[in-house]
Amino acid sequence: MTLRVNDLSVLLGGVTIVREINLMLEAGEIVMLLGPNGAGKSTLLKALSGELPFQGQVAMAGRELADWAPSQLARHRAVMPQKVDVNFPLTVEEVVAMGRPRTSRGKPDTIIDRLMTELDIAHLRYRMVPGLSGGEQQRVQLARVLGQILDASGPRLLLLDECTSALDPSHQQLVMEVIQRLAKEQGITVLAIVHDLNLAAQFADRLVVMQAGRCFCEGGAHDVLTHSVLKAVYGYRARIISLPEGYPLVVPLGSGSAQMASGNPSCRQAS
Amino acid sequence: MIRDAAGRFGHTPALIIVLCAAAAVALLSVASGAYPLAIPDILKVLGGREANDPVASLVLLEVRMPRFLLGFLVGAVLAVSGALLQGLFRNPLADPGLIGVSAGASLAAIMVIVLGSTWLGGWLAFAGEWALPVAAFFGGSATVFLAWRIANRDGQTQVATLLLSGIAINAIAGAATGLLTFYATDDELRSLTFWTMGSLGHAGWDELMIGAPFMILALIVSPFLARPLDAFLLGESVVGHLGYPANTVKKAAILVVGLGVGAAVAVSGLIGFVGLVVPHLVRLVLGASHRVVLPFSALIGGTLLVAADSLARIVVAPAELPIGLMMALIGGPFFLGLLMRRKVV
């Protein structure tokens, strides 16, 4: 068991944002968090990444998070925030290297090269990060985050907050395939917030759907991505097609409210 | 070639150039002034031998050496403090003046100048000639402590609050300084004005003894903050993700800046631009990693201030210009030039 979350709640300014979450994550498992905006996904991830205080127990490899030394934890838990703004002239290589533990002087770090090649940023190596596109910057940050835990031994947890949001479709596939391969080959556990339901269906071993701070339901893509769940959580109508590849495809049919608003202008005036 | 693949200067050639420049400026600084010294005499005295000119040894060891050392230390500390704050605030416009250190130190100094003959007579009698620098040092440290107390909530240091409280402290200190200026006599006004323009004119071994320990401590501690400060450039949350104690780093950086700048202002008055311009220049040429920015800022900041001080003594010899004015006169147009030539930030 890489990560065990018991009764986790997060209170911010007297408001309970996340309520009584229970989660078990095995080594090599990819679990994706779904849910509407404001459901508490990012708050849950921030609690697990040590940014926010929480109530309840979170244990990694059977040891409470608070019992880990921060520098040791950094080699076993890596976090990719939703947005990382870089305002200073750092090169791609410098940012990726920040995730790496200190190496002996002058010894080239082969993991940096490998990750940059795999994530298709090797050609940007000496470019300044502030000058890159959003998608390129996202891949740079992901390389930094992966390098942090890649060669550590023992349990490893990767927390990703919308790590593909700025990527074009082909790079989304590339990045998710890299993450999937690392999970399966290296036993890295992945907990990722995703908004693209089809990306989740394609790559997740398990989906957890959150709504209003609680866990609404969890399970495989076929169990979770159903008409009733999508309707209840997102208020969203969709056609769900079972693909021969073994995962469902969700085709949106528009939200009811938007249709109403566009079909009847007086509706918007009234509100 | 001397430029690396990212189009930056190599560190080794840059270090050689900077060290040569520092050595040249050091010689210029100890040689020039109202009583010019010959280079062979300087080398003889430094080598422990008798100089041809008997006065040379006295001028060099009692006047020029402490002045050079103090100038170099002050420049180095101001530049490193600027670099630390810019990293901490993730803002290339941050400056030691920003969190109110300089304002607090100068208010205390001006209080000693203006109220020394009346309300603060006791302090002046007690501290003697050390009254002004020691007061400035405590003023600067007290300001940092106040800003720090305001910005600390539940064990977390709120960087934005620190910035805002700095603005408020600057305003309050500015108003109090204005009030004191209003009531100052002509003589007090004159020494007050000279002090706010910055000067190394009082530099002696005594001033060095007061300021150097804190400034050297600040310079020694700052390199240990380099790696976590690099992480700060990616955002405060990332510092924690990478396993660095973000709060400890913040507190250490603020303390280093408070002590260092407090001591620097105490011995030399207000000297602007070094903290802003030097780290910019280093980042432009050598990149933004603090492992490079901090040591090079120290070297270049020290060299620049000593060069400006030499120039301030040469242009209107035997009198001298206030070095704060000199720095602003050189630094301002230089910075504008950088801005016009390319994007600095």
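1. A residue counts as buried when its relative accessible area is under 20%, as exposed when over 50%, and as partly exposed in between (1.4 Å probe, protein chains only). By this criterion, buried residues make up 48% of the 271 residues in chain A.

2. This is a predicted model, in which local features need pLDDT of at least 70 and side-chain atom pairs count only at pLDDT 80 or more, whereas totals for chains, interfaces and linings use all residues. Residues are numbered from 1 along each chain as its sequence is written, chains are lettered from A and ligands numbered from 1 in the order in which they are written, and side-chain values use heavy atoms, with hydrogens and water left out.

3. Chain A has eleven helices and twelve strands (DSSP runs numbered from the N terminus: helices are H or I, at least four residues; strands are E, at least two). Its radius of gyration is 20 Å, close to the 18 Å of the globule rule for 271 residues, so chain A is as compact as a globular protein of that length (taken over C-alpha atoms; the rule is 2.2 Å times the number of residues to the power 0.38).

4. In chain B, helix H9 (residues 205-221) packs against helix H12 (residues 246-268) at an angle of about 150°, with the axes 8 Å apart (axes are lines fitted to C-alpha atoms, for helices over the stretch in contact; angles run from 0 to 180 degrees between N-to-C directions). H9(B) is therefore roughly antiparallel to H12(B) (angles over 145 degrees count as roughly antiparallel, under 35 as roughly parallel, 65 to 115 as roughly perpendicular, the rest as oblique).
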